[in-house]
Amino acid sequence: MLQVPHREKANGAGSKDTKAVILVGGPSRGTRFRPLSLDVPKPLFDVAGHPIIWHCLTAIAKVPSIQEVCMIGYYDESVFKDFIKEAATEFPNLPIKYFREYQALGTAGGLYHFRDAVLKGRPERIFVLNSDVCCSFPLNEMAKLFDDKDAEAVILGTRVSQEAATNFGCIVSDQHSRRVLHYVEKPESQISNLINCGVYLFSVDAIFPSIRSAIKRRTDRPRLVSYPSSENLESSFMADDDEERKNEVIRLEQDILSDLADSKQFFVHETKDFWRQIKTAGSAVPANALYLQQAQQSGSKELAKPSPNIISPVFVHPSAQVDPTAKLGPNVSIGPRAVISAGARVKESIVLEDAEIKHDACVLYSIVGWNSRVGAWARVEGTPTPVTSHSTSVVKNGVKVQSITILGKECGVGDEIRVQNCVCLPYKELKRDVANEVIM
């Protein structure tokens with residue numbers, strides 16, 4: 001059982017020194033985000049006109065007690081260099097640093113590896129956010145619950161359908177006290193429809209000793225590897241280097257949270273607001289819609305003004321060219337220098353940098369990649385999925401296909417060609433109608 005030193009109660013939600021950690025993953029993760037992650041790391045992919053990670057920073061900037069933001073991942077340092085420079089001008093009161101893991105260490109392993117950097121300045125608590133989450137990030141509400149309950153940890157939770165719940169970490173909580181009684185990552189049977197949103201607030205006195213004891217449990221275990229036959233008996237007593245590396249991978253979800261549930265000071269803040277994971281490339285489209293709707297509700301000046309041909313919410317980059325007869329929206333983002341020609345129709349889609357939609361073309365439930373072009377009278381379309389669905393695949397003729405059509409970088413769709421429910425890898429020319437295919 002983890003013993004935590006007693007802490008004095010602080011006055012008010014913003015009074016404790018706090019840091020934020022954003023877990024950004026690395027290039028060997030995010031493979032489900034292909035073909036989009038072949039050209040841009042997933043955290044820097046534009047959703048609703050801004051990189052996914054920018055939405056995390058916007059929420060963090062609203063927490064008054066944040067001293068610093070640490071981004072932890074195993075992308076090369078150069079990947080985030082420009083983004084951090086731009087963020088410094090946009091969030092001048094928020095120092096942002098990137099720490100690179102020497103290999104994938106897991107969601108808790110990376111946090112523990114850089115503990116000295118995270119603990120510099122003596123923060124009392126840390127927010128930990130997964131970068132591939134799309135939500136309203138109610139961080140101040142989590143901080144208030146943390147203080148009200150004198151908590152060691154607060155997790156953000158949301159309700160989903162019972163069928164979908166087993167794909168996520170499930171939380172069993174006391175409805176009155178909001179205390180987490182039990183946590184199971186992707187259970188085999190249904191135990192709760194309250195799921196982990198991938199956003200946490202930890203006391204530094206609780207999280208680092210908890211990770212340390214998880215590492216100790218790993219290293220203390222006898223390293224006997226089972227083999228199917230007795231031929232390998234000699235080698236079965238010593239694990240190899242890969243096994244040694246696996247010992248270093250510690251994940252919050254599988255290794256830490258269920259232990260914290262035993263500590264009696266672990267609470268859940270249940271959000272009634274929107275929440276989505278951005279795992280597959282297609283999931284960027286519903287995330288784009290949710291962030292655009294949030295921007296519309298908050299009266300953002302970035303959105304295009306509604307008109308007969310602009311059905312809100314729509315984001316159009318200032319450098320994009322949109323013909324006045326083209327009809328956009330709802331839930332459309334048009335990237336820098338994109339060209340939308342006369343009579344084109346774009347709905348529930350993301351059109352990326354330098355893409356061109358020629359006259360009278362139709363783009364629905366799709367992502368049009370960088371420098372791609374959609375020919376005149378062509379039709380590029382996906383399939384709408386229910387708002388409550390957390391899946392981006394549909395079954396067509398007994399085959400599971402992506403509900404969102406994705407054109408990778410520099411793809412060309414010929415005039416009058418129809419592309420439906422397809423994922424098209426970069427640099428492909430489509431000269432015939434295609435449906436329900438991955439075009440390689």
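A nonpolar core is a set of buried Ala, Val, Leu, Ile, Met, Phe, Trp, Tyr and Cys residues joined through side-chain atoms within 4.5 Å. Buried here means under 20% relative accessible area, with exposed being over 50% and partly exposed in between (1.4 Å probe, protein chains only). Keep those two ideas handy for what follows.

This is a predicted model, where local features need pLDDT of at least 70, side-chain atom pairs count only at pLDDT 80 or more, and totals for chains, interfaces and linings use all residues. Residues are numbered from 1 along each chain as its sequence is written, and side-chain values use heavy atoms, with hydrogens and water left out.

First, the overall picture. The chain has 440 residues, and 52% of them count as buried. Its secondary structure comes to 10 helices and 34 strands; helices (H or I, at least four residues) and strands (E, at least two) are DSSP runs, numbered from the N terminus. Take the contacts (heavy atoms within 4.5 Å) with a separation of 6 or more: 59% of them link residues 24 or more positions apart.

Now for the cores. The largest nonpolar core has 77 residues, and Phe-45, Phe-127, Phe-137 and Ile-367 have the most contacts inside it. Leaving out residues up to four places away in sequence, Phe-137 touches His-55, Cys-56, Ala-59, Leu-129, Val-199 and Tyr-291. There's also a second, separate core of 33 residues, with Tyr-112, Phe-114, Ala-153 and Leu-260 among its members. In soluble globular proteins, nonpolar side chains tend to be buried together.

Helix H5 (residues 139-148) has Leu-139, Met-142, Ala-143, Leu-145, Phe-146 and Asp-147 as its buried residues. Their cover includes helix H1 (52-60) and strand E6 (125-130). After H5 comes Asp-150, with a positive phi near 50 degrees. Helix H7 (residues 204-220) has 17 residues and reaches 24 Å from its first C-alpha to its last, close to the 24 Å expected at 1.5 Å a residue (the expected span being 1.5 Å times one less than the number of residues). Among the buried residues of H7 are Val-204, Phe-208 and Arg-218. At its start, a side-chain oxygen of Ser-203 comes to within 3.0 Å of the backbone nitrogen of Asp-205.

On to the strands, which pair if DSSP finds at least two bridges between them.

| Strands | Bridges |
|---|---|
| E1 (residues 18-25) and E4 | Six |
| E4 and E5 (residues 96-100) | five |
| E21 (residues 356-357) and E24 (residues 373-374) | Two |

Strand E4 (residues 66-73) is mostly covered, with seven of its eight residues buried. Gly-25 stands opposite Gly-73 in E4, while Val-69 has Ile-96 in E5 as its bridge partner. Elsewhere, six strands form an open sheet with parallel pairing, in the order E15-E18-E21-E24-E29-E32. Its edge strands, E15 (321-322) and E32 (429-430), each pair on one side only. Glu-356 has Arg-373 in E24 as its bridge partner.

Asp-132 sits in the loop between E6 and strand E7 (133-135). Asp-132 counts as buried because its relative accessibility is 12%. Its side chain makes a polar contact with the side chain of Lys-279 (2.7 Å). A polar contact is a pair of N or O atoms within 3.5 Å; within protein, one must be able to donate a hydrogen and the other to accept it, and residues adjacent in sequence count only if both atoms are side-chain atoms.
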